[in-house]
Amino acid sequence: MSLPAPVDLGLAALVLGLAGWVITTSATYRAAEGFVAYGLVLALVWVRLGSVDVALTEAALGSGLTGLLLLRAAARLPADDPAETTRPGPGVRVVAAVLCTAVAGALAAVVLLLPEPAPSLAPAVAANLSATGVGNPVTGVLLAFRAVDTLGESIVLVLALVGLWSLAPDDAWGGRPGFLRGPAAASPLRFLAQVLPPFGILVGIHLLWIGADHPGGKFQGATVLAAMWVLVLVAGLRQPPRVTSRPMRGLAVFGSLVFVGIGTAGAWLAGAFLAYPEGLAKPLILSIETALMLSVAVILGLLLAGPPEPDDAAGVRS
Amino acid sequence: MSAVEISTVFTVFAVSLGSLFFLAGTLGLLRLPDTLTRLHALTKADNLGLGLIVLGLLPQVSSPLGWIGLIAVWLLALLAGATVGQLLAGALRPSDGTPPDRGGGSA
Amino acid sequence: MSDATLFGLCGAALVGLGLYGLICHPGALRKLLAFNLVGSGVFLLFGAVARRGAASGFGGDPVPQALVITGLVVAFAATALAVALVVRLAQAAGRTDLDPEPPARSEATPERPS
């Protein structure tokens with residue numbers, strides 16, 4: 001039996017160590033900080049697993065945007081929250097540890113007993129990829145072979161935004177999202193928010209464009225675009241739009257509408273919902289990706305910006 | 001020695017030296033006494049270390065677009081490192097005009 | 001042991017760790033962090049399966065990889081919704097534990113059989 005490469009062993013140890021830190025550290029804010037580092041190391045694990053598309057998504061979305069979300073939330077928690085200090089008694093902890101070890105052990109057994117040879121859809125994807133006109137197999141799966149998953153996902157994002165906004169108190173409806181507003185930002189952050197967005201927008205478009213043939217794609221690009229928007233909001237250079245703003249709402253559902261429209265047209269032109277007419281697959285996939293990237297970027301930014309708050313709350317919160 | 005061998009030796013040398021700077025920066029982060037000196041060790045070593053690694057990788061890339069990409073990575077990391085260093089240092093010194101809580105940039 | 005097996009076992013351990021945090025932390029935001037660890041462990045299991053399915057010149061089976069990308073985006077959306085719920089709970093109740101009764105004292109809460 002051959003041993004894994006030392007770098008893999010080191011990465012696995014680092015991931016488990018950081019996860020242990022996230023679980024065991026006492027303060028929530030520190031745990032959120034640990035989660036950001038954990039996500040970045042996990043992105044390296046995905047590179048080692050030969051999946052650069054997932055690594056990009058994990059680094060940008062799983063570590064970056066989720067980390068920002070959790071850090072901002074941890075900073076807003078009440079200082080004297082009893083949940084920060086109370087812990088269950090030793091009995092509960094022991095029972096929980098035994099149960100969780102059993103679950104982890106069962107999953108480990110599944111990993112060790114996976115069937116040999118491994119089942120794979122890779123040959124099927126390779127055989128049919130040329131019909132889609134794209135060279136990146138993951139993009140082919142996301143936009144052609146399993147396009148219905150991606151369509152469902154784009155609608156889930158809209159629903160999550162609706163759910164988030166519905167948490168607003170009555171008097172806050174019509175206000176601006178409040179999570180990212182705060183005291184005036186320090187000047188280095190304002191400088192960064194002025195210098196970085198042009199590059200970030202370029203990187204986002206680049207990720208979308210190369211996603212057809214190389215690792216990248218609309219989700220990674222949209223995450224970078226959303227990050228640039230959020231940077232501008234956090235620095236206080238712009239206010240988030242009001243939740244009643246119609247152009248913004250239109251932009252949020254634009255991608256899903258284009259996707260459904262092209263999918264429905266496929267029912268007539270190509271014989272099935274979400275099927276592409278022969279020869280037109282690549283331009284249609286690129287159109288859907290472009291529209292989805294805009295919408296996903298707007299929705300990710302709005303999800304980070306949080307539910308609306310009354311106008312008078314702006315700036316007074318510490 | 002052929003040109004390929006020279007470029008390979010250069011890459012190994014520069015990347016190793018860059019890794020050494022990262023190691024030194026990490027040691028500084030762990031061992032130096034206060035936040036400002038730790039910040040100094042970290043940002044300086046990161047900037048130099050990443051710069052050397054990028055320099056070492058340049059001969060391995062054949063296309064000009066690849067060079068631009070590598071150099072852009074370094075420049076963006078410089079910008080981010082400088083900004084974060086300023087923000088953290090500003091958070092330590094609330095007297096110089098920044099808000100006292102977390103330097104205004106807790107994110 | 002291949003890299004797929006190693007990181008698959010790593011994913012299994014992450015699910016266990018996250019589950020433990022989910023049970024043992026009373027704070028809703030900590031539960032959310034732990035749940036994200038469980039999620040990334042499950043994604044890593046997918047990654048191990050994808051890696052084992054490497055064929056036809058691909059580094060891994062692209063179908064599970066695409067599912068993980070979809071899953072990451074949906075996990076972010078769910079986390080954002082949950083974070084908004086936690087912040088709302090903190091605004092309304094001044095605390096973020098999920099105990100239905102207000103705490104009688106500030107020491108450790110007594111163990112409950114449920």
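In what order do the elements of chain B run from the N terminus on? They run α-α-α, and chain B accordingly has three helices and zero strands. Helices (H or I, at least four residues) and strands (E, at least two) are DSSP runs, numbered from the N terminus.

The model is a predicted one, in which local features need pLDDT of at least 70 and side-chain atom pairs count only at pLDDT 80 or more, while totals for chains, interfaces and linings use all residues. Residues are numbered from 1 along each chain as its sequence is written, and chains are lettered from A and ligands numbered from 1 in the order in which they are written.

The term pLDDT stands for the predictor's confidence in each residue, from 0 to 100. For chain B its mean is 82, and 86% of the residues reach 70 or more. Residues 98–107 of chain B stay under 50, and for them the model has 29 contacts beyond four places in sequence. A contact here joins two residues whose C-beta atoms, placed from the backbone, lie within 7 Å.

Of the 107 residues in chain B, 20% are buried. A residue is buried if 20 or more other C-beta atoms lie within 10 Å of its own, exposed if 12 or fewer, and partly exposed in between, with C-beta atoms placed from the backbone. Among contacts in chain B between residues at least 6 apart in sequence, those that join residues at least 24 apart make up 54%.

L32(B) sits in the loop between α1 (3–31) and α2 (35–57) of chain B. Why does L32(B) count as partly exposed? The reason is that L32(B) has 15 C-beta neighbours inside 10 Å. Leaving aside residues up to four places away in sequence, L32(B) touches T37(B), R38(B) and A41(B). V4(B) is 28 residues from L32(B) along the chain, and the C-alpha atoms of the two are separated by 41 Å.

Chain A has twelve helices and two strands. Their order from the N terminus on is α-α-α-α-α-α-α-α-β-α-α-α-α-β. Along the principal axes, the C-alpha atoms of chain A fill a box of roughly 60 × 60 × 35 Å. Chain A has 318 residues, of which 47% count as buried. Of the contacts in chain A with a separation of 6 or more, 76% come from residues 24 or more positions apart. The average pLDDT of chain A is 87, and 97% of the residues score at least 70. Over residues 314–318 of chain A, pLDDT stays under 50, and the model has four contacts beyond four places in sequence for them.

Chain A is assigned two stretches as domains: domain 1 (1–86) and domain 2 (123–318). Such bounds come from an automatic or database domain assignment. The centres of domain 1 and domain 2 of chain A, taken over C-alpha atoms, are separated by 24 Å. Where these domains meet, eleven residues of domain 1 of chain A are in contact with 14 residues of domain 2 of chain A. The domain 1 side consists of seven nonpolar, two polar and two charged residues. In this scheme Ala, Val, Leu, Ile, Met, Phe, Trp, Tyr, Cys and Pro count as nonpolar, Asp, Glu, Lys and Arg as charged, and the others, Gly among them, as polar.

How do the chains meet one another? Two pairs of chains touch, and the most contacts are between chains A and C. Chain B and chain C do not touch, and their nearest C-alpha atoms are 16 Å apart. In the pair A and C, 75 residues of chain C are in contact with 86 residues of chain A. On the chain C side, α1 (3–24), α2 (28–52) and α3 (62–93) each supply at least two residues, and α3(C) gives the most, with 23 residues. That side of chain C divides into 46 nonpolar, 20 polar and nine charged residues.

Two helix pairs show this meeting in detail. Two packed helices are described by the angle between their axes and the distance between the axes. Axes are lines fitted to C-alpha atoms, for helices over the stretch in contact, and angles run from 0 to 180 degrees between N-to-C directions.

Helix α1 (residues 6–24) of chain A and α1(C) have axes that come within 10 Å and cross at roughly 5°. The two helices are therefore roughly parallel to each other. (Angles under 35 degrees count as roughly parallel, over 145 as roughly antiparallel, 65 to 115 as roughly perpendicular and the rest as oblique.) Among the residues that meet are V15(A) and L16(A) in α1(A) and L14(C) and L17(C) in α1(C). This contact has twelve nonpolar, two polar and two charged residues.

Helix α2 (residues 28–48) of chain A packs with α2(C) at an angle of about 10°, the axes being 11 Å apart. This makes α2(A) roughly parallel to α2(C). Residues making the contact include F35(A) and W46(A) of α2(A) and L33(C) and G47(C) of α2(C). By class, the contact of α2(A) with α2(C) has seven nonpolar, four polar and one charged.
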